[in-house]
Structure formats: structure tokens, C-alpha cells
Amino acid sequence: MSTPTPQQTYIPSKVLKTEYPLIDNDPHFNRVIAYARPSDYVHGAVAAASGPGLLYAMERFAPSHVGRGGFARAMRLGGAVGAIGGFLYFYTRSTYRFYGMTENAREVDMDMKEMVAKVKAGETLYGESKLTPHMQGVAARQGRYSALFMYGIPWFNFVNHNQHGVDTAKYFIEAERQLEAERTGNAQSDVARLG
């Protein structure tokens, strides 16, 4: 009689080959918003305004004659659809940098600084979670590279888990290097002060 094996909670993710380094293949919603560039906001705003803007332009060139209040309703609907589409476009542009699909030097630097600060402070890298390890794994598997299908099913990661497709040892190595440099610098300043 064989003994049952425990459920595997960590299944290594596939990593897409990209021109730029992978930061996170399932970034938390808050990180995506925090790392967004001003150009993402501009592109999102233009996308959001294009829906009602085009509807207004079409109404000017070829009036629809929908009757009293009909065009106002259409503009409200166009504005709502435009706002949703603009946000999804903004979010996707920011997420692609986490995936390494577009230039991401700024985000790589921001990620290293954020994670090294967490290591130095003794915090968990990706936040505390109230979910079991199994459910964290389920969330990670469902969310990996989800922005690639954002146009079909908008899927955001609101779960803190530790499965992000990167080797987190680099953060600990960098933190140790910085702490060693600080210790060496402090020792040298103490020697100079006493000498």
C-alpha cells in the first residue's frame, strides 16, 4: 500500500524568452500601478478619450438623429467603455515591463531597490498572505502572464504569494553586498576618527 504524497504547492512557471529581464510574471495589482510611467498614463488617457471623441466626431459629420437625450446616453456609454479600455491599456503597458517584453531598465532598478529594502528590514519580499500555500499556488498559476490576454479576460493579481518566476537570491546577495559596504565604510570612518 502506497502512502499518499502531499500536494505540490509550487509548480515552476515557464519563462518567456524576452529581450529584457523578467521582473515578475505575476505582479501584484498595486506594484503595476506604482511602477507605471507617465507615458502609460498618457496612453491610457488618450485611449479612454478616443471612444467618446470618435463618437462625437461621427455625430458632427453624420448626425444620428436619435432623438431627445439619445446622444447623451450614447456619449455616457462611450465614455464608460473608453474609461475601461483606457485603464486596461494603461495597465497592460505597465505589466509588459514586468514581463520583460518592453524596455524596463527603470523598473528593474526600482524592483531591486524595493526588494533589497525589504530584505534589510526583515520583511517578506512579496507581502504576507492569509491564504494557504496551496491556494497561493493556485492564484499564481491562474495569474501568470495574464496581461497577455487582458483584451479577452481582464485578470488582476490581488494575492500575495512567492511564485513570481524569478530567483529571489539576487535580492539577498545585493542586500548583503550593501550591508558589507556599509560596515566597511563605518569601520573606515571609525579608524579615521580615532587616528
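The largest nonpolar core in this predicted model has 22 residues, and Tyr-91, Phe-98, Leu-125, Tyr-126 and Tyr-171 have the most contacts inside it. Core here means a set of buried Ala, Val, Leu, Ile, Met, Phe, Trp, Tyr and Cys residues joined through side-chain atoms within 4.5 Å, and buried means under 20% relative accessible area, with exposed over 50% and partly exposed in between (1.4 Å probe, protein chains only). Helices α1 (29-34), α3, α4 and α6 each supply at least two residues of this core, and the largest share, five residues, comes from α3.

A quick word on ground rules. This is a predicted model, so local features need pLDDT of at least 70 and side-chain atom pairs count only at pLDDT 80 or more, while totals for chains, interfaces and linings use all residues. Residues are numbered from 1 along each chain as its sequence is written, and side-chain values use heavy atoms, with hydrogens and water left out.

Now step back to the whole chain. The protein has six helices and zero strands, which reads α-α-α-α-α-α along the sequence; helices (H or I, at least four residues) and strands (E, at least two) are DSSP runs numbered from the N terminus. Of the 195 residues, 30% are buried. Take the contacts (heavy atoms within 4.5 Å) with a separation of 6 or more: residues 24 or more positions apart account for 84% of them.

Leaving aside neighbours within four places in sequence, Val-32 is in contact with Pro-27, Tyr-91, Ser-94, Thr-95 and Phe-98. Val-32 and Phe-98 are 66 residues apart along the chain, yet their C-alpha atoms are separated by 8.1 Å. Tyr-126 has its own set of partners: not counting residues up to four places away in sequence, Tyr-126 touches Asp-24, Arg-31, Met-115, Asn-160, His-161, Asn-162, His-164, Val-166, Thr-168 and Tyr-171.

Next, the charges. Side chains of opposite charge can pair when their charged atoms come close. The structure holds 14 salt bridges, each a side-chain nitrogen of Lys or Arg within 4 Å of a carboxyl oxygen of Asp or Glu. One of them joins Asp-40 and Arg-97 at 2.8 Å, N to O. Asp-40 lies in helix α2 and Arg-97 in helix α3, so this pair ties together parts that are 57 residues apart in sequence. Both ends are buried: Asp-40 has 0% relative accessibility and Arg-97 has 5%.

Asn-104 is buried because its relative accessibility is 2%. Its contacts, not counting residues up to four places away in sequence, are Tyr-20, Pro-21, Ile-23, Arg-37 and Arg-97.

Helix α6 shows another kind of pairing. Arg-177 and Glu-174 meet in a salt bridge (2.6 Å, N to O), and they lie three residues apart, about one turn of the helix. Arg-183 and Glu-180 have that three-residue spacing in α6 too, with their closest N and O atoms 3.1 Å apart. Arg-183 is partly exposed at 44%, as is Glu-180 at 40%. Elsewhere, salt bridges that share partners join Asp-24, Arg-31, Asp-111, Glu-114 and Lys-118 into one network.

Finally, have a look at two loops. His-65, between α2 (38-61) and α3, has a positive phi of about 55 degrees although it is not a glycine. Tyr-145, in the loop between α5 and α6, also has a positive phi, near 55 degrees. Ile-153 is found in the loop between α5 (133-143) and α6 (169-194) and is partly exposed, with a relative accessible area of 47%.
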